Amino acid sequence: RPRPACQLNGWSPLTFHSVWNAGNAHMYVLRLRENPSSPFDAPYVLDPSLGDKPRSSIELLVTMRGGRKSHLTLDDYLAVPPPRTMQFDRVRAMLALQHGLDAADIVAIDFESGRFDKFM
């Protein structure tokens, strides 16, 4: 029975939407998982060593020291281990590296990029 990529990889809808469409002639390879650690694990895993690595990016609302807020794009969002929204230090370090910022100046990261502010 076919499974959608988000279910197969255990991605949240937020993670699924961060993944780019495959490029021209790109190939994603699914490899059979030999020893799943749990019966709930997907039977296949993406194997970037046999094919292309999916690209991903996400727009984040970042609060800097002093209260200034900026929308910044984080590239290679799939490199953040799940649960991705709980990996503040890792995401902060990646943002600092990608945007030439001092990681200590990043005080908050909104993974939903402010989309739910109107409900608060």
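At 46% relative accessibility, Arg-115 counts as partly exposed, a class that lies between buried (under 20% relative accessible area) and exposed (over 50%), computed with a 1.4 Å probe on protein chains only. The structure is a predicted model, in which local features need pLDDT of at least 70 and side-chain atom pairs count only at pLDDT 80 or more, whereas totals for chains, interfaces and linings use all residues. Residues are numbered from 1 along each chain as its sequence is written, and side-chain values use heavy atoms, with hydrogens and water left out.

The side chain of Arg-115 meets that of Glu-112 in a salt bridge, with an N to O distance of 3.4 Å. A salt bridge is taken here as a side-chain nitrogen of Lys or Arg within 4 Å of a carboxyl oxygen of Asp or Glu. Glu-112 is partly exposed, at 27% relative accessible area. By this rule, 5 salt bridges are counted.

The protein chain contains 3 helices and 5 strands, assigned as DSSP runs (helices: H or I, at least four residues; strands: E, at least two) and numbered from the N terminus. From the N terminus, the order of elements is α-α-β-β-β-β-α-β. The C-alpha trace spans about 50 × 30 × 25 Å along its principal axes. Of the 120 residues in the protein chain, 28% are buried. Among contacts (heavy atoms within 4.5 Å) with a separation of 6 or more, 44% are between residues 24 or more positions apart.

A further salt bridge joins Asp-76 and Lys-53, whose closest N and O atoms are 3.2 Å apart. This pair links distant parts of the chain, 23 residues apart: Asp-76 is in the loop between strand E4 (69–75) and helix H3 (88–99), and Lys-53 is in the loop between strand E2 (44–46) and strand E3 (57–64). Both residues are partly exposed, Asp-76 at 27% relative accessibility and Lys-53 with a relative accessible area of 45%.

Within helix H3, Asp-89 and Arg-92 are 3 residues apart and so are separated by about one helical turn. Their side chains meet in a salt bridge at 2.9 Å, N to O. Asp-89 is exposed, at 53% relative accessibility, whereas Arg-92 is partly exposed, at 21% relative accessible area. In general, side chains of opposite charge can pair when their charged atoms come close.

For the protein chain, the mean positions of the 14 positive and 13 negative charges are 3 Å apart. Lys and Arg count as positive and Asp and Glu as negative, without His and the chain ends, and each charge is placed at NZ of Lys, CZ of Arg, CG of Asp or CD of Glu.
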